[in-house]
Amino acid sequence: MDSEASANRPVAIDGKTNMLSSYRLGSLKLPNRFVMSPMTRARTTDPDRVPIPIEAEYYVQRATAGLNITGGTFISPQAIGGINIAGIYTEAQVDGWRKITDAVHKAGGRIFLQIVHSASVTHPSLLGGETPVAPSAVNSNQKVMTKGGLVDTVLPRALTITEIHAIVEDFGKAAANARKAGFDGVELHGGNIFLVPQFLNTVTNRRTDEYGGTPEKRARAVIEIITAMGKAWENGRIGVKLSPEISGAGGYSATDHVIAWLNDYKPAYLHLRRGFDASDKPIELMREHTFDHFRDLFKGTLIGNGGFDLVTANQHVERGNVDLVSFAKYYVANPDLVARFEHNRSLALPDRATYYTTGPKGYTDYPALSEKS
Ligand SMILES: Cc1cc2nc3c(=O)[nH]c(=O)nc-3n(C[C@H](O)[C@H](O)[C@H](O)COP(=O)(O)O)c2cc1C
């Protein structure tokens with residue numbers, strides 16, 4: 001936990017736009033360009049999936065980020081895809097989240113709720129024995145954490161059109177609940193292989209009705225979901241996280257279609273996770289330019305994500321091909337990431353073994369700089 005990543009020394013750029021410059025995100029003023037990327041940390045032990053006080057402590061510790069985004073939160077019982085992860089579909093869950101948003105605001109922070117439907121990446125034992133649902137009956141071949149430990153996903157059944165409409169409505173209700181819970185906005189989770197990429201991708205979406213086939217049709221459910229989310233909010237408080245690479249094989253064209261549509265919708269931001277770390281490989285040069293490509297396609301606020309350290313984040317913001325940069329793994333171990341950048345200090349590395357375990361270990365016990373020195 002104390003190991004230092006000395007390669008992450010920031011570059012001071014006086015008088016220029018950098019990670020410490022403030023940013024106007026619609027009607028929100030962010031004091032810096034740091035975003036805490038959404039991370040599932042599986043910390044709630046509440047049987048009804050209500051967030052618990054230690055989660056407020058965790059987000060407050062990281063409240064100096066320009067914007068904090070919660071881990072993926074389930075929109076309905078059918079959306080569940082793991083143990084110890086909260087939902088946003090009951091009054092008790094809304095009340096639980098309200099305590100967290102109040103605490104973060106009191107600490108001077110801003111916080112969005114990320115919402116998700118797991119689609120096929122779940123297991124009947126998490127769904128009261130029901131078969132998981134997905135755009136098409138395709139096993140996503142993932143591992144899922146259940147009470148009995150890690151298990152393989154099963155063959156899901158294809159959603160009916162009526163069921164797709166019901167899921168769109170559930171996203172709308174979840175977004176409205178996020179507002180009741182005091183969040184500053186709400187983000188759609190399209191960054192991992194859950195419902196959103198499963199619709200966009202031709203491997204997982206084999207439908208022949210209006211929700212499958214052409215890029216426009218594969219993008220349709222995603223566009224309907226974002227539209228439903230915006231009913232209880234201004235569009236400028238809706239964020240969208242996508243990963244063109246995860247939507248992969250045939251997903252690029254549908255992803256581009258969603259992004260083109262977002263130009264008119266004018267969301268708070270587009271949060272893009274780029275391809276996986278390819279350091280020291282020739283492909284890294286292409287990955288470096290991921291955001292140049294999307295900067296041309298999308299006219300609004302762009303959050304870059306995926307393998308950034310403080311130096312590369314600063315370089316991207318300085319170059320202007322992203323507006324904000326989000327960090328996941330470095331935010332696990334460095335609650336005061338902004339101060340570490342400001343004071344040119346090294347970064348602690350996270351302990352992966354405690355990513356999804358219950359309790360404070362590896363969660364709220366990473367020290368801030370002032371406590372260390
Ligand atoms: C422990 C952990 C949990 C994550 N959970 C989520 C999640 O709930 N929602 C999401 O969009 N991404 C999730 N991610 C992905 C991150 O948000 C981010 O896209 C990815 O880790 C790349 O950023 P990084 O290189 O700064 O870690 C998770 C990552 C980690 C390490």
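Predicted model: local features only at pLDDT ≥ 70, side-chain atom pairs only at ≥ 80, totals over all residues.
Let me start with a helix pair: in α3, the residues I164, H165, V168, F171, G172 and A175 meet A221, E224, I225, A228 and M229 of α5, where contact means heavy atoms within 4.5 Å. The residues of this contact divide into eight nonpolar, two polar and one charged, with Ala, Val, Leu, Ile, Met, Phe, Trp, Tyr, Cys and Pro counted as nonpolar, Asp, Glu, Lys and Arg as charged, and the others, Gly among them, as polar.

Residues are numbered from 1 along each chain as its sequence is written, and side-chain values use heavy atoms, with hydrogens and water left out.

As for geometry, the axes of α3 (residues 161-180) and α5 (residues 215-229) come within 7 Å and cross at roughly 35°, the axes being lines fitted to C-alpha atoms over the stretch in contact, with angles running from 0 to 180 degrees between N-to-C directions. Helices here are DSSP runs of H or I, at least four residues, numbered from the N terminus.

Turning to the ligand, 18 residues surround it, and the closest are S37, P38, T40, N305 and G307, a residue being near if one of its heavy atoms lies within 4 Å. Ligand oxygen atoms lie 2.8 Å from a polar side-chain atom of S37 and 2.6 Å from one of N305.

Key
Polar contact = N/O pair within 3.5 Å; in protein donor to acceptor, adjacent residues only side chain to side chain. Helix = DSSP H or I, 4+ residues; strand = E, 2+ residues; numbered from the N terminus.
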